[in-house]
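Here is a short report on selected helix and strand features. Please view it alongside the model.

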There are 4 protein chains.
Amino acid sequence: MVIRTGDQYVSSISKRSKVEIYVLGKEVKDVTKHPFLKPSVMSFKATFDAAWDEDTKELGRAWSPYLEEEINRFNHIHRSPEDLAAKVKLLRKLSHKTGACFQRCVGWDSLNTLNIVTKIMANKGRTEPRDRFVEYLKYVQKNDLALAGAMTDVKGIRTLKPSQQPNKNAYLRVTEVTKDGIYVSGAKANITGVAATEEMVVLPTRAMGPEDKDYAVAFAIPTDTEGIKIVVGRQINDARRMEEGEIDGLPYFYNHEGLVIFDNVFVPMNRVFLAGEWEYTGTLVEIFAAYHRQGYGGCKAGLGDVIIGASADLARQIGVEKAPHVQDKLTEMIFLTETMYSAGIAASLNAVKICDNCWWVNPMHANVTKHLVARFPAQISQLAIDIAGGMVGTAPSEWDLKNPKLKEYIMRYLQGVEDFTAEDRLRMVRLIENVSMGVAFQIESIHGAGSPAAQRIMFSRLYDLDLAREISKKLAGRKADLKMTTKPEPWRETQSEQEAKEHDK
Amino acid sequence: MVIRTGDQYVSSISKRSKVEIYVLGKEVKDVTKHPFLKPSVMSFKATFDAAWDEDTKELGRAWSPYLEEEINRFNHIHRSPEDLAAKVKLLRKLSHKTGACFQRCVGWDSLNTLNIVTKIMANKGRTEPRDRFVEYLKYVQKNDLALAGAMTDVKGIRTLKPSQQPNKNAYLRVTEVTKDGIYVSGAKANITGVAATEEMVVLPTRAMGPEDKDYAVAFAIPTDTEGIKIVVGRQINDARRMEEGEIDGLPYFYNHEGLVIFDNVFVPMNRVFLAGEWEYTGTLVEIFAAYHRQGYGGCKAGLGDVIIGASADLARQIGVEKAPHVQDKLTEMIFLTETMYSAGIAASLNAVKICDNCWWVNPMHANVTKHLVARFPAQISQLAIDIAGGMVGTAPSEWDLKNPKLKEYIMRYLQGVEDFTAEDRLRMVRLIENVSMGVAFQIESIHGAGSPAAQRIMFSRLYDLDLAREISKKLAGRKADLKMTTKPEPWRETQSEQEAKEHDK
Amino acid sequence: MVIRTGDQYVSSISKRSKVEIYVLGKEVKDVTKHPFLKPSVMSFKATFDAAWDEDTKELGRAWSPYLEEEINRFNHIHRSPEDLAAKVKLLRKLSHKTGACFQRCVGWDSLNTLNIVTKIMANKGRTEPRDRFVEYLKYVQKNDLALAGAMTDVKGIRTLKPSQQPNKNAYLRVTEVTKDGIYVSGAKANITGVAATEEMVVLPTRAMGPEDKDYAVAFAIPTDTEGIKIVVGRQINDARRMEEGEIDGLPYFYNHEGLVIFDNVFVPMNRVFLAGEWEYTGTLVEIFAAYHRQGYGGCKAGLGDVIIGASADLARQIGVEKAPHVQDKLTEMIFLTETMYSAGIAASLNAVKICDNCWWVNPMHANVTKHLVARFPAQISQLAIDIAGGMVGTAPSEWDLKNPKLKEYIMRYLQGVEDFTAEDRLRMVRLIENVSMGVAFQIESIHGAGSPAAQRIMFSRLYDLDLAREISKKLAGRKADLKMTTKPEPWRETQSEQEAKEHDK
Amino acid sequence: MVIRTGDQYVSSISKRSKVEIYVLGKEVKDVTKHPFLKPSVMSFKATFDAAWDEDTKELGRAWSPYLEEEINRFNHIHRSPEDLAAKVKLLRKLSHKTGACFQRCVGWDSLNTLNIVTKIMANKGRTEPRDRFVEYLKYVQKNDLALAGAMTDVKGIRTLKPSQQPNKNAYLRVTEVTKDGIYVSGAKANITGVAATEEMVVLPTRAMGPEDKDYAVAFAIPTDTEGIKIVVGRQINDARRMEEGEIDGLPYFYNHEGLVIFDNVFVPMNRVFLAGEWEYTGTLVEIFAAYHRQGYGGCKAGLGDVIIGASADLARQIGVEKAPHVQDKLTEMIFLTETMYSAGIAASLNAVKICDNCWWVNPMHANVTKHLVARFPAQISQLAIDIAGGMVGTAPSEWDLKNPKLKEYIMRYLQGVEDFTAEDRLRMVRLIENVSMGVAFQIESIHGAGSPAAQRIMFSRLYDLDLAREISKKLAGRKADLKMTTKPEPWRETQSEQEAKEHDK
């Protein structure tokens with residue numbers, strides 16, 4: 001059986017020997033026991049448990065033609081629109097279980113991206129990367145590994161290409177190629193969940209031209225490889241976790257990102273999928289981005305559900321659940337949440353068959369999904385705070401509640417209707433605070449899978465503006481050419497240098 | 001062959017002998033030749049031509065198991081999610097061809113609604129309505145008829161039920177039942193395209209209780225039946241059509257709504273589908289509303305395309321197409337348009353199999369679609385006016401352009417870049433004005449298929465708020481019951497009086 | 001007495017002998033009797049009546065130090081912040097009286113602008129324009145003239161300066177200078193109310209450089225001067241006025257814009273205020289724009305009041321005035337309306353003393369006002385349509401109501417609660433339609449006094465971004481220079497060519 | 001000299017002997033030295049320094065007719081519209097100095113409220129409260145005291161009045177009256193800055209009826225009175241301050257709120273301003289709310305400036321400051337910020353003279369101000385995060401930067417353009433995170449001075465909807481009564497029980 005339980009995953013992560021991880025300036029050996037990172041491990045664990053839990057088992061598994069066996073869906077190559085929809089549905093449910101980002105999507109999307117890109121390369125005659133990838137995929141599926149996807153470079157000066165940067169390592173690059181493998185140096189930033197993974201799939205972060213070929217590099221590598229250093233990032237309210245309480249810091253589930261430093265790291269050749277083939281970078285980025293944008297229609301809708309439920313509960317606690325303005329705000333939150341989800345479902349079920357048995361999301365719907373996600377969560381949070389009351393910013397700590405000199409006062413004065421205790425209320429206030437203002441809902445929603453400006457570039461690329469113009473000309477009684485169109489296929493097998501340059505603008 | 005050409009339709013409409021239609025207070029005998037209504041006929045005609053035009057032929061036809069023949073899709077009963085998606089795609093394309101509402105969806109949605117409701121009735125033992133409906137459906141498909149759907153009553157005082165109204169005819173009602181048929185009196189308002197149809201399918205407009213049973217009536221009837229009077233409504237810029245020009249009033253395609261008065265009209269029994277069975281009215285309304293809300297994801301996105309194209313053309317005419325703020329506004333318009341479409345596609349492909357070979361749209365996605373449509377068109381129009389310039393409200397008329405004393409001045413002063421003439425510009429300015437401020441985009445988008453408040457009621461009914469609350473309680477470390485749910489199936493075969501009352505709130 | 005009554009104004013306008021005005025391609029001799037233009041004349045007339053009506057008399061008059069007499073405020077030079085606030089308050093009230101744009105502000109703002117600019121010129125030693133202006137001002141005040149302000153050029157290709165245009169007359173220009181005066185050719189577009197005025201004040205529309213000096217021209221001229229041709233523009237629903245009814249076309253008050261063609265028009269030298277002094281054009285445009293942007297806080301708030309009142313009345317007519325969602329929408333409309341007004345009041349009372357006894361509005365608040373006006377009216381209209389119901393796009397015409405065969409049906413079926421008749425309802429539906437979708441509220445709100453992009457340029461010019469950056473650096477614990485600022489005074493007496501170029505960007 | 005320096009204030013606060021304050025469950029004796037509260041003390045201190053700093057000295061002082069001396073403006077009774085505008089300007093500048101809420105406004109607004117209410121009481125013959133208040137005011141001004149305003153009760157079940165609550169202490173109440181004073185029990189919640197004050201001014205939080213008279217209580221009391229317990233609330237990122245670093249937790253300036261428990265506290269009679277006079281509670285609340293809503297136009301605009309500056313700095317650091325989409329976002333932030341400020345200025349300069357030498361803000365503009373503040377900060381934050389990049393949620397901690405094994409990597413990889421170091425960047429990222437997601441900008445903006453629903457109630461109360469309806473009727477050609485109005489004066493000296501009840505709805 002290749003499907004691991006959550007406990008098996010935790011035990012495996014706990015045993016990584018050489019991994020080099022820093023939290024608040026100090027090295028951490030076992031992330032599964034450290035108060036800062038344990039909640040992240042628990043969220044990751046939920047993706048394993050999902051394949052066993054009664055309510056998610058069906059969604060959480062898929063049949064792999066590579067192994068001819070059932071696997072955890074998080075390492076599955078999508079073989080139908082229904083597979084893509086199952087992803088979105090599963091992510092929504094996992095948000096319900098964690099109230100956090102469970103961090104396993106980037107790795108999953110990376111696998112699906114490499115599957116397509118290495119096929120394209122093979123079709124063009126470059127077959128080794130394909131062979132290496134299929135081997136790697138089987139290895140991942142067979143061992144049900146926890147993967148990070150490491151894409152975003154630190155980027156230095158945003159307006160310069162990798163090869164133009166004064167800091168030569170502003171993008172991860174190949175510094176040496178031997179017959180056994182490659183050496184890479186540089187750093188990847190904002191890497192979701194990385195400290196809780198067994199392997200990283202590393203991808204280039206942008207379309208490149210020939211002068212950038214040293215930076216056109218994709219590979220897979222164990223997280224505890226020598227030369228890799230992970231600096232875990234700060235987040236809203238992170239320091240509360242160090243208090244080791246049970247309410248204020250939401251100790252059960254959370255997520256993290258890390259800065260991953262590659263200091264002359266060796267990658268064996270059988271793990272290298274791209275090393276110099278700059279002409280595939282644009283396609284790779286576009287394919288990855290759309291996969292990842294689609295997924296947000298599930299997980300962020302799921303966080304929306306958590307916040308809606310918490311808001312409704314707090315409204316009930318103070319007796320205003322039926323007030324028309326509260327009802328109206330809850331309805332608005334539902335509408336915003338279901339809109340994100342609708343777009344994610346459209347991106348899945350209206351998918352693109354991009355090669356034999358492999359389906360890509362609909363790129364227009366996927367970009368719509370992410371752009372909605374970049375806008376609506378802040379509105380949902382604002383409504384949640386409105387309903388929840390000023391207490392979200394002023395409630396006493398759990399340590400006050402636990403102080404015998406204060407407990408009775410707090411229990412008396414912070415209770416609303418009698419069915420609930422003040423502790424019930426404090427717990428829910430903290431949930432709203434931590435989820436609605438958290439990195440997963442407020443920041444990842446904006447920047448994850450590409451910033452809003454990136455989706456806007458895609459809108460103008462994917463939309464057939466020339467055709468729209470001709471349609472309007474015809475309706476205005478002018479001469480029109482209704483066959484005019486400048487739109488290429490929604491994805492392209494390779495790209496010219498010209499296109500790479502355009503992408504940079 | 002049962003698929004008519006557009007010309008066959010026009011010729012048939014032209015020959016209706018007894019139809020009683022009023023426009024601006026005067027009776028009109030042949031709507032196909034009257035300047036006020038001809039553009040509406042042309043839009044309706046486009047739905048027939050779509051089944052023959054090369055670019056829409058495939059979408060425009062469907063195979064009917066009732067006739068075992070190909071028919072025009074506008075009279076088709078949806079048999080799969082793909083059928084539902086084909087509807088949305090077809091509607092988007094027809095908006096491109098007409099720049100207007102083509103008015104044939106309400107009839108189509110009425111057929112699909114009655115198909116489901118009469119099946120439910122048959123399952124409960126009430127089989128005659130089903131038999132009558134199937135006969136009627138075959139007749140419609142075989143003759144490729146142009147149908148109106150007549151649902152909205154005039155409603156009198158909104159807070160009162162039909163039986164409580166001081167004006168007993170505030171809702172259409174059965175005044176007499178004989179063994180041959182029924183007599184009805186009252187009026188239906190806002191009936192789209194009615195003056196250009198051959199038949200009307202009449203449905204109740206709200207959930208009713210037992211005391212309203214005289215008002216629980218559904219039937220089909222030829223538009224030119226004695227006792228029916230149609231008063232065509234006014235619309236923005238309608239009077240321009242009476243000038244019979246070729247630019248300012250968009251004479252080619254438009255749409256209309258009518259007030260339909262039933263003055264003691266006889267309906268033969270084989271055309272009666274509901275007469276007193278109040279307990280099915282709630283289900284009927286809910287099923288119809290969701291079908292119609294889904295469709296707006298297609299037609300309103302198509303109007304969005306027309307406005308985007310026109311805006312881009314005008315920007316090009318004055319040399320600002322590449323200005324960043326113009327690009328950004330066009331991108332925003334694309335995003336808003338594609339969001340409406342995405343939701344419509346989700347409502348289609350994530351459909352509900354509601355009976356053998358009949359599929360209902362996903363009600364949550366369908367309500368999301370319509371609610372987006374109630375918000376975004378006004379934003380799209382605002383952006384279009386912003387790009388197009390003040391000229392949308394100040395440009396000279398075509399009669400000025402045609403005045404030899406003025407023509408040269410206008411051609412000189414209203415030209416922008418040399419590739420376009422001032423006439424090109426005026427034509428496009430008029431298109432933007434008439435489409436972006438028109439009834440189809442500004443008013444139908446808000447009120448068609450139910451006002452925004454109606455969708456909001458559906459959001460709170462369809463969303464499982466109890467489950468969301470339990471999810472949040474669990475995450476907050478409180479006792480939770482994750483199986484708790486109060487949500488019924490998304491549709492119910494019948495409803496109790498209690499539910500009917502709740503719906504009224 | 002120098003304050004005219006409305007009737008005196010109408011009588012004077014009616015007698016203009018040589019004026020050349022075209023409406024729908026035909027020349028119109030007496031605008032006061034023509035159904036298309038009479039409502040515009042009535043709106044203009046309201047600005048005269050305001051100086052006599054009990055409720056506006058105090059606001060409608062001001063004391064002129066030039067005449068040492070009371071004058072109509074619409075020709076007054078603002079002498080205090082309270083004067084500026086009185087403008088905003090007066091405009092709000094005049095919107096209540098007309099439901100339209102009353103068209104006299106542009107001329108008023110032009111006078112105040114020239115007052116400042118000619119003072120600046122005089123301070124620099126160029127004194128003739130000042131002397132001419134003061135004489136002209138006295139003449140205008142003494143005769144209580146109805147002025148248009150003519151600023152917007154037709155502009156040809158937007159990205160080119162006047163001197164770069166292929167069409168040399170894309171901006172109004174001086175073609176010849178004699179010792180008696182100047183000859184001008186070209187056209188001004190979107191000129192509000194022009195057909196109902198006695199004089200035009202003509203101003204340049206943009207900042208210019210030395211190469212554009214032929215286009216740097218400002219003067220005053222009677223509307224009926226030889227060589228001037230006015231082509232009145234089309235507007236939403238304009239053709240309804242030609243039906244000469246009393247309901248559907250709002251025959252009482254409306255507004256218009258015109259394209260004004262100058263075909264080698266002679267301007268006597270004592271009416272010339274700028275002819276070649278390109279270096280004052282930037283200042284002139286900036287001063288005018290801010291005055292005009294401030295005013296919109298009054299008139300558009302007043303139209304908001306009209307629409308709020310009409311929406312509340314229609315809600316009452318159908319019995320839903322107390323429904324929470326209707327109350328909430330009305331409240332939102334109030335908030336949006338009062339926000340526009342608040343900004344206008346701030347722009348007035350937080351004014352800038354720019355010279356002896358002359359006050360300019362606060363430019364930042366004035367730009368805020370206009371930018372709000374470019375956004376909120378479309379939202380107000382959308383809410384109004386939501387409350388008013390689909391009837392706004394489908395109600396029968398007044399001609400149907402007047403048809404004896406239909407009247408009884410319409411009266412019966414379109415009545416809501418008994419206190420109102422169906423005619424009451426139709427009248428209000430038409431008011432909502434015509435005001436909320438009209439040019440004054442939907443298009444002028446966006447483009448009048450400069451398009452939204454123009455305000456955005458001003459925001460970045462007026463805001464001290466360098467200082468904000470230093471403030472943030474200090475708070476972040478970095479080295480900061482809190483005296484750093486790059487902001488010039490909010491207005492500048494003259495501008496260098498460099499600045500003119502920057503303005504063009 | 002009655003104007004204290006900041007240091008004098010800190011020294012005084014440090015010496016409070018009996019004060020009972022809890023932070024994270026532990027009692028804190030000297031708040032000026034505790035890492036959690038010291039930043040709050042520093043913000044409060046800034047209000048004292050403002051009266052001495054060169055750039056704020058003029059705004060920071062005012063002349064008191066009570067002392068016939070200059071005092072710190074924060075204890076001043078507003079004597080003119082210019083005084084009110086000075087408040088808004090001063091608050092904007094103090095936000096620049098602190099990047100936080102400086103917590104002294106509630107006390108200030110409480111003094112101004114009591115000044116008016118006790119005058120009204122005196123006019124009705126109840127003169128003692130007035131005499132006591134004037135004595136207290138002089139004492140406060142003479143000693144330049146730091147005051148809290150304590151208004152919000154814990155409220156129990158929101159839909160019940162104080163006297164109806166199952167928990168009798170859900171609102172603060174008088175439990176005993178003696179000839180020397182009163183005894184009070186209960187709690188006040190969300191009390192801004194309270195742990196850093198010398199005195200509290202306690203006010204009722206809602207309009208009350210006769211049955212609630214025990215709850216109609218207003219008084220002043222030293223913060224260190226026996227029986228008062230202060231439980232300091234949690235806030236986003238509060239635990240970081242306990243790390244005692246210099247970057248991540250913004251150690252210099254912050255703010256806090258506290259739950260204030262009154263356990264049978266004695267208030268001497270000369271400090272009691274209201275004890276049972278329920279009929280003044282509605283007026284008191286309305287007057288206070290408007291004062292406090294006005295102020296937000298200053299302080300929140302000032303926080304907007306901080307965030308705009310930080311965003312611009314970060315954009316410059318990564319080389320994208322000139323990108324059109326970044327420019328556009330900065331411009332939008334400026335517009336939003338200046339809109340809030342404009343409304344605050346209007347509320348000040350368009351003030352209401354409510355008694356001799358005392359001015360109230362314009363209540364409509366003040367409510368507009370606060371309602372804008374309840375909406376725009378979340379939008380500003382979203383734009384800031386968009387510009388700043390994902391790093392806001394993922395950047396390493398200052399402890400990583402200080403770890404010699406990591407420092408070099410971080411300095412290399414997180415640097416953008418060469419003019420800035422990675423530390424510069426981290427510092428600014430933390431400022432954006434802490435200010436834009438902080439309680440002052442995200443939560444206080446929504447709930448401070450009343451939740452959004454409270455402003456909406458005021459909009460419908462202050463707006464003359466009846467008049468608007470009549471205006472629209474007249475324009476629609478129906479009979480209208482333009483003198484109809486139901487609006488009372490914007491404030492009322494007393495209120496009937498009826499009104500109190502209405503307020504509760």
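## Model and numbering

This is a predicted model: local features need pLDDT of at least 70, side-chain atom pairs count only at pLDDT 80 or more, and totals for chains, interfaces and linings use all residues. Residues are numbered from 1 along each chain as its sequence is written, while chains are lettered from A and ligands numbered from 1 in the order in which they are written.

Helices (H or I, at least four residues) and strands (E, at least two) are DSSP runs, numbered from the N terminus.

## Helix H6 of chain D

Helix H6(D) has 16 residues, 128-143. They should span 22 Å at 1.5 Å a residue, with the span taken as 1.5 Å times one less than the number of residues. The end C-alpha atoms are 23 Å apart, which agrees. D:Asp144 follows the helix, with a positive phi near 45°.

The buried residues (20 or more other C-beta atoms, placed from the backbone, within 10 Å of their own) are D:Pro129, D:Arg132, D:Phe133, D:Tyr136, D:Leu137, D:Val140 and D:Gln141.

## Strand E8 of chain A

Strand E8(A) spans residues 199-202 and is covered on both faces. A:Glu199 and A:Val201 are buried on one side, A:Met200 and A:Val202 on the other.

E8(A) pairs (at least two DSSP bridges) with strand E5(A), residues 147-150, in the parallel sense over four bridges. A:Met200 is the bridge partner of A:Ala148. Four bridges also join E8(A) to strand E9(A), residues 217-222, running antiparallel. There, A:Glu199 stands opposite A:Pro222.

Terms used
A residue is buried if 20 or more other C-beta atoms lie within 10 Å of its own, exposed if 12 or fewer, and partly exposed in between; C-beta atoms are placed from the backbone.
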